[in-house]
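Hi,

Here is the structure I promised to pass on to you. Have a look at it first, and then read my notes below.

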Amino acid sequence: ASMKRIAHEAGVAKGTIYLYFRNKEELLVYVAEHGFAVMLERARAAAARERSAEGKLAALLRAGLAHSSENQAIFRALQEQRLLAPDSPAPLAATLERNLERLVSFVAGVIEQGTRSGELRACDPRRASRFLVESMRGAILERLREPSRTSVQADAEAIVDFFLHGVGATEPR
């Protein structure tokens with residue numbers, strides 16, 4: 001999208017956008033940072049309402065998946081930016097990486113708390129968090145490709161189930 005089109009969609013003059021942002025990159029950085037802050041706050045609040053580690057993980061996943069569904073255009077634009085310009089300018093790449101690390105740290109804290117309570121087995125919480133967050137990112141990408149295929153609830157439950165139980169058969173053959 002050009003700055004002209006962005007201004008048109010926002011219902012403002014192109015010059016108005018340039019009062020706040022020097023270029024599209026700067027605008028994308030702001031959008032990525034602001035959107036992530038909203039999503040992380042939703043995830044924190046959702047997880048805080050749950051008692052169990054499994055409940056907290058499912059709640060934070062539901063919040064993240066719901067946020068991405070409600071803001072598909074933004075997620076699609078950021079994904080296209082990453083695909084079209086994998087060596088994207090430093091500010092956007094740094095912002096996306098910083099956001100990812102903040103999410104991984106938050107989820108690692110939930111996993112660590114679950115380990116201390118005995119609900120989850122001992123593991124490297126950052127590594128486990130990375131696995132869970134990457135599963136969520138994969139679900140977000142699938143939801144961008146096929147928006148109505150599954151519900152947020154179904155995707156969150158599937159990710160938590162896979163994370164907690166894997167793909168192994170429940171009983172040996």
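**What I found**

Leu 120 sits in the loop between α6 (90–116) and α7 (125–145); helices here are DSSP runs of H or I with at least four residues, strands are runs of E with at least two, and both are numbered from the N terminus. This is a predicted model, where local features need pLDDT of at least 70 and side-chain atom pairs count only at pLDDT 80 or more, while totals for chains, interfaces and linings use all residues. Residues are numbered from 1 along each chain as its sequence is written, and side-chain values use heavy atoms, with hydrogens and water left out.

Leu 120 counts as buried because its relative accessibility is 14% (buried is under 20% relative accessible area, exposed over 50%, partly exposed in between, with a 1.4 Å probe and protein chains only). Leaving aside residues up to four places away in sequence, Leu 120 touches Ala 53, Ile 111, Gly 114, Thr 115 and Leu 164 (contact means heavy atoms within 4.5 Å).

The C-alpha atoms fill a box of roughly 65 × 30 × 30 Å along the principal axes, and 36% of the 173 residues count as buried.

Now the charges. The structure holds eleven salt bridges (a side-chain nitrogen of Lys or Arg within 4 Å of a carboxyl oxygen of Asp or Glu). One of them pairs Glu 33 with Arg 102, with the closest N and O atoms 2.8 Å apart. This pair links distant parts of the chain, since Glu 33 is in helix α3 (residues 24–48) and Arg 102 in helix α6, 69 residues apart. Glu 33 is partly exposed at 25% relative accessibility, and Arg 102 is partly exposed at 30%.

Arg 130 and Glu 134 both lie in it, four residues apart, about one turn of the helix, and their closest N and O atoms are 4.0 Å apart. Arg 145 and Glu 142 also meet in a salt bridge, at 2.9 Å from N to O; they are about one helical turn apart because three residues separate them in α7. Salt bridges that share partners join Glu 101, Arg 126, Arg 130, Glu 134 and Arg 137 into one network.

Enjoy exploring it!
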